[in-house]
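Here is a short briefing to keep beside you while you turn the model around on your screen.

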Amino acid sequence: MKKEMRLCMKSDVEAIVELGLLAWEPVFESFENIMGPTVFAIVYPDWKKTQRDEIERVCRKTDNFDTYVVEMEGRVVGFTTLELNQEVKKGEIYFLAVHPGAQNEGIGTALNLFAIKKMKDAGMKIIEVGTGGDPSHAPARRSYEKAGFKRVLPVVKYYMDLTYEN
């Protein structure tokens, strides 16, 4: 199937939001299992609303963000949001998601390679992308590594549930 990669249009935003929520649902389920329901509820009280608001914000092409979609047969099946910091020449893949029904078809890798080219063409010197170390992020890590990114800085977050009594 032919994939078309293009700049996000206003008419794409709702499809992008729905795609992001579907793609990231397993991630937030994993977070809840790892963190426990009490900590999760405090850290992510309404993750769907937070993600929706953030996707809508970056799709409005505010600040230094550009959002691109992958469309197949008239349907948005993936997207990426790039943030370009011209001052320090650093780009970031801020968001990247592929519809669960279209995963493992090379769309994530194509989005990564597209992002790399866009950022290189824009004069960026480095590109940053972050993802989780839990099992739900394994496909994202594989996609980034397949595109040439190197894991360089492990990050660990600690939480303590003070409502739990021994």
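Let's begin at a proline: Pro100 is found in the loop between β4 and α4. With a relative accessible area of 38%, Pro100 is partly exposed, because that value falls between the 20% and 50% cut-offs. Please keep in mind that this is a predicted model.

- Leaving out residues up to four places away in sequence, Pro100 touches Leu22 and Ala23.
- Pro100 and Arg151 lie 51 residues apart along the chain, and their C-alpha atoms are separated by 24 Å.
- Asn104 also belongs to the loop between β4 (90–98) and α4 (107–121).
- The phi of Asn104 is near 65 degrees, a positive value in a residue other than glycine.
- Asn104 counts as exposed because its relative accessibility is 80%.

- Glu73 sits in the loop between β2 (65–72) and β3 (75–85).
- The phi of Glu73 is positive too, near 50 degrees, and Glu73 is not a glycine.
- Is Glu73 buried or exposed? Its relative accessibility is 68%, so Glu73 counts as exposed.
- Gly123, which follows α4, has a positive phi near 90 degrees.

**The chain as a whole**

- The protein chain has five helices and five strands.
- Read from the N terminus, its elements run β-α-α-α-β-β-β-α-β-α.
- Along the principal axes, the C-alpha atoms of the protein chain fill a box of roughly 55 × 35 × 30 Å.
- Buried residues account for 40% of the 166 residues in the protein chain.
- Take the contacts in the protein chain between residues at least 6 apart in sequence: 62% of them join residues at least 24 apart.
- The protein chain has an accessible surface of about 10500 Å², and carbon and sulfur atoms contribute 54% of that.

- Helix α3 covers residues 47–59, which is 13 residues.
- From first C-alpha to last, α3 reaches 18 Å, close to the 18 Å expected at 1.5 Å a residue.
- Which residues of α3 are buried? They are Trp47, Gln51, Glu54, Ile55, Val58 and Cys59.
- These residues lie on the same side of α3, because they cover an arc of only 130 degrees around the axis.
- The partners that the buried residues of α3 pack against are α1 (13–35), α2 (37–43), β2, β3 and β4.

- The largest nonpolar core has 24 residues, and Ile16, Trp24, Ile55 and Phe79 touch the most other members.
- Two or more residues of this core come from each of α1, α2, α3, β2, β3 and β4.
- Helix α1 gives the most to this core, with 11 residues.
- A second, separate core has 18 residues, including Ile107, Met119, Met124 and Phe149.
- Setting aside neighbours within four places in sequence, Trp24 is in contact with Trp47, Gln51, Ile55, Phe79, Phe95, Leu96 and Ala97.
- In soluble globular proteins, nonpolar side chains tend to be buried together.

**Helix α4 and Asn112**

- Helix α4 has 15 residues and reaches 21 Å from its first C-alpha to its last, close to the 21 Å expected at 1.5 Å a residue.
- The buried residues in α4 are Ile107, Gly108, Thr109, Leu111, Asn112, Ala115 and Met119.
- Those buried residues of α4 pack against β1 (4–7), β2, β3, β4, β5 (126–129) and α5 (138–146).
- Asn112 is placed in helix α4 and counts as buried because its relative accessibility is 0%.
- What does Asn112 touch, not counting residues up to four places away in sequence? The contacts are Ile93, Leu96, Ser143, Tyr144, Ala147 and Phe149.

Note on methods
Residues are numbered from 1 along each chain as its sequence is written. This is a predicted model: local features need pLDDT of at least 70, side-chain atom pairs count only at pLDDT 80 or more; totals for chains, interfaces and linings use all residues. Side-chain values use heavy atoms; hydrogens and water are left out. Helices (H or I, at least four residues) and strands (E, at least two) are DSSP runs, numbered from the N terminus. Buried means under 20% relative accessible area, exposed over 50%, partly exposed in between (1.4 Å probe, protein chains only). Contact means heavy atoms within 4.5 Å. The expected span of a helix is 1.5 Å times one less than its number of residues. The arc is that of the directions from the helix axis to the C-beta atoms. A nonpolar core is a set of buried Ala, Val, Leu, Ile, Met, Phe, Trp, Tyr and Cys residues joined through side-chain atoms within 4.5 Å. Accessible areas come from the Shrake-Rupley method with a 1.4 Å probe; for residues, only the protein chains shown count as cover.
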